Amino acid sequence: VGSAPTNFAELDNSSDAIERDALYGIQVGQGYADWITNTPAKLAGGRVLELGPGTSYCGAIGLLGRGAADPVSVADRWLAPWRDNYHGPLYTRCSKLLREAGRAAEAKVFADIAAEGYSTRIQALSGGAENLPVESNSFDMVFSNAVLEHLVDHSAAARELYRVTAPGGWNFHQTDFRDHRNFERPLDHLLMSSKEWLALSEAQVEPHCFGTQLRAHAIAALFAEAGFDTFTQYHIEMADAEYASRIADQIGSDPEQIRVLCSLLILRKPLT
Ligand SMILES: C[S@@+](CC[C@H](N)C(=O)[O-])C[C@H]1O[C@@H](n2cnc3c(N)ncnc32)[C@H](O)[C@@H]1O
């Protein structure tokens with residue numbers, strides 16, 4: 001982290017960086033599409049919001065290319081601006097890779113956006129998950145990857161995401177619960193008091209960039225309190241059992257609960 005949040009920093013547009021970012025971006029959209037296949041949700045014609053897209057909007061564009069309603073929306077507390085010298089080459093490269101893979105519809109959307117900019121295809125919303133500048137019931141599907149761990153107020157975000165999701169609509173949130181200061185010791189931040197952790201998190205150039213002390217089960221509970229039905233929560237990565245149990249002993253927690261390092265939470269807003 002430099003002197004500005006990551007999304008506002010200059011971007012590396014060397015061909016190696018573009019190749020890496022294109023492959024990553026395609027993978028994010030592919031990941032979202034895979035999450036849907038685990039549910040009865042249907043992407044075709046669905047109104048989609050990608051929360052916290054990061055420096056590029058590849059995930060949302062990928063979903064547009066796979067049949068989401070036009071435009072797709074993105075929302076970020078620090079909304080990354082379009083940069084001709086980066087996003088043009090990036091989306092052109094995504095398009096070429098997808099065309100070579102026989103994915104013509106997605107390739108076309110990336111090529112169009114590379115040529116025209118976000119224009120009418122992307123609705124870019126400047127606002128955090130806690131306070132989204134859109135009408136209630138606007139989206140059939142909301143996706144996020146590695147975002148919920150950076151929120152300021154999880155309870156407010158759960159209520160706000162419930163508000164903007166249409167009845168019967170879906171939320172898919174993959175969250176990284178590790179202490180981002182050192183992935184080798186992913187639970188060490190739990191040893192700090194919540195007051196100390198908050199002070200440290202707010203003192204950063206990009207506040208809350210180190211992740212969250214909230215655990216997977218607690219975030220799921222906040223979304224349930226906001227009114228969502230939990231469709232499922234997959235635990236994707238767990239901390240070493242011995243390390244987790246040492247930390248749990250020190251803070252008086254359940255080692256199995258604090259062990260979850262990455263989870264995919266799939267939620268549905270009830271129809272009525
Ligand atoms: C680790 S990046 C993940 C980017 C992207 N989703 C990915 O998978 O590579 C976290 C993103 O969440 C955004 N973010 C941080 N706090 C947020 C908030 N309160 N509401 C919405 N987005 C937020 C950041 O600006 C950044 O774009």
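Helix axes are here lines fitted to C-alpha atoms over the stretch in contact, with angles running from 0 to 180 degrees between N-to-C directions. In this predicted model, helix α1 (residues 15-37) packs with helix α2 (residues 58-65) at an angle of about 55°, their axes lying 7 Å apart, and the axes of α1 and helix α3 (residues 84-100) come within 9 Å of each other.

**α1 with α2**
- The two helices are therefore oblique to each other, and α1 passes α2 in a right-handed crossing.
- On the α1 side the contact involves Gly25, Ile26, Val28, Gly29, Tyr32 and Ala33, which meet Cys58, Gly59 and Leu63 of α2.
- By class, this contact of α1 with α2 holds six nonpolar and three polar residues, with no charged ones.

**α1 with α3**
- The axes of α1 and α3 cross at roughly 60°, which makes α1 oblique to α3, and the crossing is right-handed.
- From α1 the contact draws on Ile18, Glu19, Asp21, Ala22, Leu23 and Ile26, while α3 contributes Tyr86, Pro89, Leu90, Arg93, Cys94, Leu97 and Leu98.
- The residues of the contact of α1 with α3 comprise 10 nonpolar and three charged, with no polar ones.

**Ligand surroundings**
- An N or O atom in the side chain of Asp76 is 2.5 Å from an oxygen atom of the ligand, and for the side chain of Tyr24 the corresponding distance to a ligand oxygen atom is 2.7 Å.
- A polar side-chain atom of Asn7 lies 2.9 Å from an oxygen atom of the ligand.

Key. Residues numbered from 1 in each chain as written. Predicted model: local features only at pLDDT ≥ 70, side-chain atom pairs only at ≥ 80, totals over all residues. Heavy atoms only, no water. Helix = DSSP H or I, 4+ residues; strand = E, 2+ residues; numbered from the N terminus. Parallel < 35°, antiparallel > 145°, perpendicular 65-115°, else oblique. Left-handed = near helix turned anticlockwise from the far one by under 90°. Contact = heavy atoms within 4.5 Å. Nonpolar A, V, L, I, M, F, W, Y, C, P; charged D, E, K, R; others polar. Polar contact = N/O pair within 3.5 Å; in protein donor to acceptor, adjacent residues only side chain to side chain.
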